[in-house]
Amino acid sequence: QYKTLKAKTKNDFSASLGEGGRLNKLILKSAITDGVIRLNGSENLVENISGKLDFSFDGDKVQDASIRLTQADAGEVLFKAEFPSTDAAMNQLGEKTLQQFSQRFPNRNESILTALSFETEMLDAGLLFELWPEQIGIETRQWLSRRGSGGEFTDARVKAFIELPVSEQRALFTAFPDSIQIVGLSGSWGWHNMDFTWKDGSPTIGSVALQSRIFDNQLSVEILQGDMPFLRLKNGQVEFYPVLGYGDKTIRRDLEIDATIVGDIPAFNKLLADPTINKLPDEIKNLSNPTGKIVSKISTKSEFKNKKLRLSSVSAEASLSDSSFGNLPLNETMSEGNIEFSLQEDGKILINGSGKISGVASSFTAQRSEDKTVKLVVKTSPSEYLSNRVGDFTKISITGNSAMRLHLEYDTYSKLGIVDIAADLQEAAIDLPLLNWAKFPGEIGEVEALV
């Protein structure tokens with residue numbers, strides 16, 4: 001794992017030898033200065049490392065094993081080995097983890113349960129991934145380093161529980177990966193100022209701050225904040241289960257993400273339309289020149305299998321304010337819109353709100369069902385614009401103010417639909433020279449049309 005590993009040490013030790021010169025007992029305390037580390041396959045050279053190593057054993061039993069490393073720019077880290085009882089391990093790992101391990105490996109003999117702990121108040125994330133022991137959680141390390149980059153780990157207390165052959169206990173830190181069987185992971189940590197992608201090719205969320213916990217083979221992540229262009233992520237939650245598959249390459253893992261996203265409507269639409277999500281409804285995609293602000297809680301469920309992530313469902317609740325867009329039915333436009341939007345897992349969409357449709361104060365509700373049928377109801381206040389629209393539609397001369405109620409039902413597959421319009425013409429004037437008849441403002445008048 002290490003291409004270059006050198007340092008100055010000051011050692012205090014005592015030892016006793018048995019038959020044939022075998023080392024039976026050892027107590028070693030080392031002070032480390034001027035340390036240098038370069039890993040295989042990496043050009044990064046970490047210098048000016050200091051620290052302390054404590055290691056002791058009696059016979060084949062390790063009594064103390066810890067190493068603390070400090071680098072002024074990167075932070076400090078403690079690696080330590082412990083040998084807990086089964087009950088103590090269960091309390092830290094969770095009963096479900098030990099059950100899953102026992103089911104996967106029912107006949108583990110001549111082994112000892114070992115807890116390798118990692119602790120730091122603050123450590124550069126890139127350095128942690130380079131120092132991460134190659135014997136422990138290779139796939140976990142690869143996934144974390146691929147999805148997240150940069151930043152610092154803070155307040156980290158993590159333990160990897162492994163089963164180690166008794167014969168290799170004294171060679172704890174040099175044991176071969178094939179002889180180590182990981183039992184489970186537990187602990188918590190923070191990761192701040194990181195960049196995150198949920199899938200190869202997905203947009204990057206920057207300046208992420210999160211707190212994580214592993215227990216019972218489940219990873220729980222609280223996303224405190226994150227930034228995307230014209231969007232801010234906050235109050236997020238990630239659940240990933242199971243973390244360990246115990247060598248089963250075909251195991252299905254469930255990934256659930258909930259997050260609140262605040263920002264500009266165009267940026268939010270672009271996020272949902274990204275190929276790694278592809279869940280922007282056509283009705284919204286077809287709106288032109290959207291503007292305004294959005295506060296949305298979005299939830300996703302995905303499956304991770306065979307190293308591929310497949311998005312299963314998306315649901316969202318959103319509030320839009322001061323919104324505007326074009327290309328509404330009948331070629332109308334929206335401005336000053338305040339809208340509540342709901343996207344359900346089955347694809348159903350519910351919308352209600354108010355705003356100005358082509359300048360006319362209106363309220364509306366809309367629904368798109370699972371079979372892609374769209375239903376829209378619009379109620380408007382009296383306006384001269386509507387009188388002109390009704391006049392254009394009926395070819396009748398109408399002046400003054402008119403109010404309208406519109407009901408639209410439209411099948412997006414067949415492109416067929418029904419429009420039911422009822423217009424209140426009490427404040428309008430109507431002139432029908434052909435019939436020698438006219439209606440004056442204030443007289444009751446209605447027009448109904450079904451198309």
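I take a salt bridge to be a side-chain nitrogen of Lys or Arg within 4 Å of a carboxyl oxygen of Asp or Glu.

**Entry 1. Ground rules.** I am working on a predicted model, in which local features need pLDDT of at least 70 and side-chain atom pairs count only at pLDDT 80 or more, while totals for chains, interfaces and linings use all residues. I number residues from 1 along each chain as its sequence is written, and the side-chain values use heavy atoms, with hydrogens and water left out.

**Entry 2. Aspartate 200 and arginine 147.** I looked up this pair and found a salt bridge, with 2.7 Å between the closest N and O atoms. The two residues are 53 residues apart, and the pair links distant parts of the chain: aspartate 200 sits in the loop between β9 (181-196) and β10 (205-215), arginine 147 in helix α4 (residues 138-147). I read helices (H or I, at least four residues) and strands (E, at least two) as DSSP runs, numbered from the N terminus. For burial I use relative accessible area: under 20% is buried, over 50% exposed, and partly exposed lies in between (1.4 Å probe, protein chains only). Aspartate 200 counts as exposed at 54%, whereas arginine 147 is buried at 8%.

**Entry 3. Lysine 29 and aspartate 54.** How far apart are the closest N and O atoms in the salt bridge of lysine 29 with aspartate 54? I noted 3.3 Å. This pair also links distant parts of the chain, with lysine 29 in strand β2 (residues 23-39) and aspartate 54 in strand β3 (residues 46-58), 25 residues apart. Lysine 29 is partly exposed at 42%, and aspartate 54 is buried at 11%.

**Entry 4. Lysine 293 and aspartate 264.** I found a salt bridge here with the closest N and O atoms 2.6 Å apart. Lysine 293 belongs to strand β14 (residues 288-305) and aspartate 264 to strand β13 (residues 253-264), so the pair ties together parts 29 residues apart in sequence. I have lysine 293 down as partly exposed, at 49% relative accessibility.

Entry 5. How many salt bridges does the structure hold? The count is 14.

**Entry 6. Serine 212.** Is serine 212 buried or exposed? Serine 212 is buried, with a relative accessible area of 6%. I placed serine 212 in strand β10. I then listed its contacts (heavy atoms within 4.5 Å). Leaving aside neighbours within four places in sequence, serine 212 touches Gly187, Ser188, Trp189, Leu219, Ser220 and Val221.
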